There are 2 protein chains.
Amino acid sequence: MNVNTYSIGIDIGGTKIAVGLVDRHGDILYKQTTPTPSESRASILNTIKAIVLSYMKMSEKEGFKINGIGIGSAGQIDPNKGVIISGTKNIKDWNQVPIRDVLQKATNLPVWVDNDANTFALAEHRLGKGKDLNHIVCLTLGTGVGGGVVSDGSLIHGTFGGAGELGHMTVNMNGPACNCGSNGCLETYASGTGIAQRMRDQLANMPTDDLPAHIADYKQHLDALTSKEVFQWREEGYEPAVAVIDTAVQALIYGIVSLIHTFNPQAIVLGGGLVAHWPNLAATISKQIKDIGMASLVKPVKIFTSELGRDSGLIGAAMQVWHDVE
Amino acid sequence: MNVNTYSIGIDIGGTKIAVGLVDRHGDILYKQTTPTPSESRASILNTIKAIVLSYMKMSEKEGFKINGIGIGSAGQIDPNKGVIISGTKNIKDWNQVPIRDVLQKATNLPVWVDNDANTFALAEHRLGKGKDLNHIVCLTLGTGVGGGVVSDGSLIHGTFGGAGELGHMTVNMNGPACNCGSNGCLETYASGTGIAQRMRDQLANMPTDDLPAHIADYKQHLDALTSKEVFQWREEGYEPAVAVIDTAVQALIYGIVSLIHTFNPQAIVLGGGLVAHWPNLAATISKQIKDIGMASLVKPVKIFTSELGRDSGLIGAAMQVWHDVE
């Protein structure tokens, strides 16, 4: 008798939590998305538990097997201890959460947990652009910039799982302050918040009278500005917006060349919400990095945009289970 | 009968080649140093072969065993193929050298080869400041800046052994051109050549009349300036030299914080010829990195200065043999 087996993938982000039943090929049988509760860690954990338990009931009723739970979360994770060490500011109270123990106790299933950029890298390595490669570096360009590195076929975790914070590589030590405490991090230029902030810096110094009307509006409420507007204005050819995106590309190029010098990878895979707004990003980077850096290292590297789509977080989270049971 | 066993360590640098008999504890029975031949790769290989063969004769005569040869060389190395891919400009014709095959054929001994910064990291991991640590990042501050990373107990090599070029991480994308083709690399600020070049940049813009006499002398022959003079002038309190070294320290701090964010190591080990000129370097870095970067990653990291001494290259080269035979 051939019983279908699925793992439960859980993708915990600042705005939403996605929970899905995923097979070993990354195909999703069923998924459910819910806004991330903003009250407390208890309400987040309860929400997750409720969905997971409903999937377990579904498995009994429909006769398929669940082999484990894989979680990807924003923030710093200790995968050995199964603990969220420190989450993002976007998730309230998301620190020192022993999520593996909580879910193992509630379900009796084995549980894995890792940073969401690491699970993205895992998905790319198993199923995506890095499928047949042993050495890849992945960057997620979203609200922030995340990173995951597969070296010799395995994720690099470091001492307690904190490795791969590639958005916090300094590309300009004289650059703007980053919320991590350092300066000129890749994230200050090439993330959604970074792009918006660099645009605010420009607008703050320009007399309102000199601005096109629809841009002048934003000067009155700079907080409302997001990277979406900056990409829009760049499309319209508005010079200061073109400059902000050019600088973001420059930061990515120097950051990626540094990563190539550091890891000697076969490919770089770019993912995250910003990539969709960014026409020709991979092609531009691919062309420009060839002109700088050590030729033997830079020339062979392929630059890819992820094609795993919106569910890559979910799929990568679930892949942790398949990795360990194989 | 207890036969003593040694491996042959070979450290190939731009100015000298050191060949030694090293035991598993890193103790050196005998070593010989010779200037690096400048005629051709053939003369380098012949020089090495001659010394190695003399050691093999010595082993027959004195009744000890030689279990293999470990080579550390400047430049990019493919450790899997045993080939020097591209050496430094300081060694003539040192490209595409199948050194493993050449020495295996000449000696019938197993041969390992790696980049000299990687073998330095290996020595630190086995015998030095990283002895009981599984995650260390090593930087060699010399003519250039080299790097070696031990993650989860193993050296990170990347696709073909080119990983760990940590001197070519950009810390200032608007910074000075680096000979690697990129800009504002750590090496352009914090290496011997970088420090000398940054001092030349300063002097070039200053009227000779404004300079102290002994410094004005150098303005006439800027090529003769080395980092040694810059450290000397800094000791004398000469402001532009103080600024050059301060910038080198700043570059190291941002580079090291980036490496901590990337690798989540337990320790950073600094080695190379410059460290001796640089009073309190490890203490200064250790103090200043705590103020920047992600606290959870940066705070636990120890910053060490290597204590393996001048023979660390030789010892690290030899350790490759002990690693593989154990």
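**Close-up views of a predicted two-chain model**

**View 1. Chain A as a whole.** With 326 residues, a compact globule would have a radius of gyration near 20 Å, and chain A, at 21 Å, agrees. This radius is taken over C-alpha atoms, and the globule rule is 2.2 Å times the number of residues to the power 0.38. The model is predicted: local features need pLDDT of at least 70, side-chain atom pairs count only at pLDDT 80 or more, and totals for chains, interfaces and linings use all residues. Residues are numbered from 1 along each chain as its sequence is written, while chains are lettered from A and ligands numbered from 1 in the order in which they are written. The C-alpha atoms of chain A fill a box of roughly 70 × 50 × 35 Å along the principal axes. Chain A has 11 helices and 13 strands (DSSP runs numbered from the N terminus: helices are H or I, at least four residues; strands are E, at least two).

**View 2. The side of chain A that touches chain B.** Here 40 residues of chain A are in contact with 40 residues of chain B (contact: C-beta atoms, placed from the backbone, within 7 Å). Strand E6 (83-86), helix H8 (239-263) and helix H10 (295-298) of chain A each give two or more residues. H8(A) gives the largest share, eight residues. 100% of the interface residues of chain A are also interface residues in chain B, so the copies meet through the same surface.

**View 3. A five-stranded sheet in chain B.** The open sheet runs E3-E2-E1-E4-E8 (chain B), with mixed pairing (strands pair if DSSP finds at least two bridges between them). Its edge strands are E3 (28-35) and E8 (111-115) of chain B. Strands E1 (residues 5-12) and E2 (residues 16-22) of chain B pair in the antiparallel sense over six bridges. Ile12(B) stands opposite Ile17(B) in E2(B).

**View 4. Helices on the sheet.** Helix H1 (residues 41-62) of chain B packs on the sheet, and its direction makes about 20 degrees with that of E2(B). Helix H2 (residues 99-107) of chain B touches E4 and E8 of chain B, making about 155 degrees with E8(B). Axes are lines fitted to C-alpha atoms, for helices over the stretch in contact, and angles run from 0 to 180 degrees between N-to-C directions.

How values were computed. Contact = placed C-beta atoms within 7 Å.
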